[in-house]
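Q: I have a model open and want to learn how to read its features. Where do we begin?

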Amino acid sequence: MNAYERVMNTLQAKPVDRVPVFAVLGAYGGKLTGADLRTLYSDAEAYVAGQRAVQEAFGFDLVLAPFDYSAIAEAFGSEVAWFSDQAPNLKRPSVNSAAAALALPLPNPQHTARLPFIVESTGQLSAIYRERVPVFAAVPGPVALPALILGLEAWLEILLFDEAAAQGLLEFTGDFFATWANTLLEAGATALIVTEGMAAAEISQRSLFAERMLPHLRTVFARVRGPMVFHHTGGRINPILDLLPCLPGLAGVVISSKDDLAEARQRLGPGLLLLGNLDNLLFPSTSAEEIHEGSLACLRVAAPAGPFILANSGADIPFSTPPENLRAMISASEDFAAERRPA
């Protein structure tokens with residue numbers, strides 16, 4: 001069974017030879033090939049070479065298109081900060097008011113800033129791994145997207161205290177979200193990972209999510225022509241998991257390392273995919289044996305209860321992570337499969 005078959009069977013709750021395993025290793029690909037990260041996140045050939053190196057080194061069950069939201073921020077006119085050991089990030093928002101944001105042109109995925117690099121990387125990876133390894137593309141959640149234009153603090157203030165302006169911004173950026181998501185699917189992405197940081201319990205209460213965010217997510221998700229996996233972006237997501245199955249196109253949810261796996265399954269229900277929930281920050285500092293044992297603990301709780309993919313719980317795995325710590329995840333999946341194999 002190859003990775004594509006393993007993941008597709010998991011999504012459909014069909015038998016697999018072992019539980020699929022995934023780690024976010026965008027910048028790590030540059031580490032393996034020696035590419036500087038400005039080149040890696042600007043040049044499709046460099047990024048694809050990095051992901052091929054990741055696949056050859058570790059054999060994970062998913063390949064990730066460029067997970068770089070600074071490219072979207074840049075396309076809206078924001079300034080980008082570059083680093084030598086992690087993906088680029090937003091440095092300075094392009095505008096500081098809702099009115100100024102609404103006056104901006106919507107970026108064109110095929111022509112604006114570095115967006116074409118992401119589209120081209122997605123297409124190349126899809127061509128290389130078609131029906132062998134699924135290619136997932138990450139997109140910022142519809143409610144989080146305005147933060148890439150205004151900055152998080154300004155967007156939160158508008159969202160909480162100016163409902164009319166917030167609605168206007170959500171409709172404006174919702175058009176871009178739908179266009180961007182469908183562009184990546186048309187380029188060949190198997191599915192999308194939608195990172196909705198505004199859903200995290202540390203940022204918004206359940207009532208705010210249910211009343212103000214969920215209706216917008218329903219509307220915008222209905223415009224996307226492919227499956228989506230909902231991501232917490234670092235915070236706890238268990239408090240709202242039971243609200244998510246109503247979302248159109250939802251295939252699964254990534255849960256935080258702070259969330260309880262058994263509770264997550266109970267809240268989400270039996271049918272949807274769960275991914276997680278290994279703590280990113282542990283990967284550089286703990287031993288391969290500890291990663292292996294932590295992975296086995298996740299598998300023993302989550303895999304018997306419903307569709308599950310073992311994964312790290314955040315964005316990029318830190319640059320300093322030893323390779324053996326990454327391989328320990330797959331060896332844990334293999335050992336778990338051996339545990340459950342009839343004698």
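A: With a definition. Two strands pair if DSSP finds at least two bridges between them. One caution: this is a predicted model.

Q: How many bridges join β6 to β7, and do they run parallel or antiparallel?
A: First the general idea. Strands of a sheet pair through backbone hydrogen bonds, in a parallel or an antiparallel way. Here, β6 and β7 run parallel, and four bridges join them. Take Leu 192: its bridge partner in β7 is Met 228.

Q: What joins strand β5 to strand β6?
A: Five bridges. β5 covers residues 135-140 and β6 covers residues 191-195, and the two run parallel. Phe 136 has Ala 191 of β6 as its bridge partner.

Q: What is the order of the strands in the open sheet?
A: Read across the sheet, strand by strand. The order is β1-β10-β9-β8-β7-β6-β5-β2. That makes eight strands, with parallel pairing.

Q: Which are the edge strands?
A: An edge strand pairs on one side only. Here these are β1 (21-22) and β2 (63-64).

Q: Are the side residues of β7 buried or exposed?
A: Check each face of the strand in turn. On one side of β7 sit Met 228 and Phe 230; on the other sit Val 229 and His 231. All four are buried, and both faces are covered.

Q: Where is Asn 238 found?
A: In the loop between β7 (228-231) and β8 (250-254).

Q: Why does Asn 238 count as buried?
A: Buried means under 20% relative accessible area. Asn 238 has 3% relative accessibility, so it counts as buried.

Q: Which residues does Asn 238 touch, leaving out those up to four places away in sequence?
A: Ile 255, Asp 259, Asp 260, Glu 263, Ala 264 and Arg 267.

Q: Now the whole protein. How many helices and strands does the secondary structure come to?
A: 14 helices and 10 strands. The radius of gyration is 19 Å, close to the 20 Å that the globule rule gives for 343 residues, so the protein is as compact as a globular protein of that length. Along the principal axes, the C-alpha atoms fill a box of roughly 65 × 45 × 35 Å.

Q: What share of the residues is buried?
A: Buried residues make up 57% of the 343. As for the surface, the protein exposes about 13,500 Å², and carbon and sulfur atoms supply 52% of that.

Q: How many positive and negative side chains are there?
A: 24 positive and 36 negative. The centres of the two sets lie 4 Å apart.

Methods: Residues are numbered from 1 along each chain as its sequence is written. This is a predicted model: local features need pLDDT of at least 70, side-chain atom pairs count only at pLDDT 80 or more; totals for chains, interfaces and linings use all residues. Side-chain values use heavy atoms; hydrogens and water are left out. Buried means under 20% relative accessible area, exposed over 50%, partly exposed in between (1.4 Å probe, protein chains only). Contact means heavy atoms within 4.5 Å. The radius of gyration is taken over C-alpha atoms; the globule rule is 2.2 Å times the number of residues to the power 0.38. Accessible areas come from the Shrake-Rupley method with a 1.4 Å probe; for residues, only the protein chains shown count as cover. Lys and Arg count as positive and Asp and Glu as negative; His and the chain ends are not counted. The place of a charge is taken as NZ of Lys, CZ of Arg, CG of Asp or CD of Glu.
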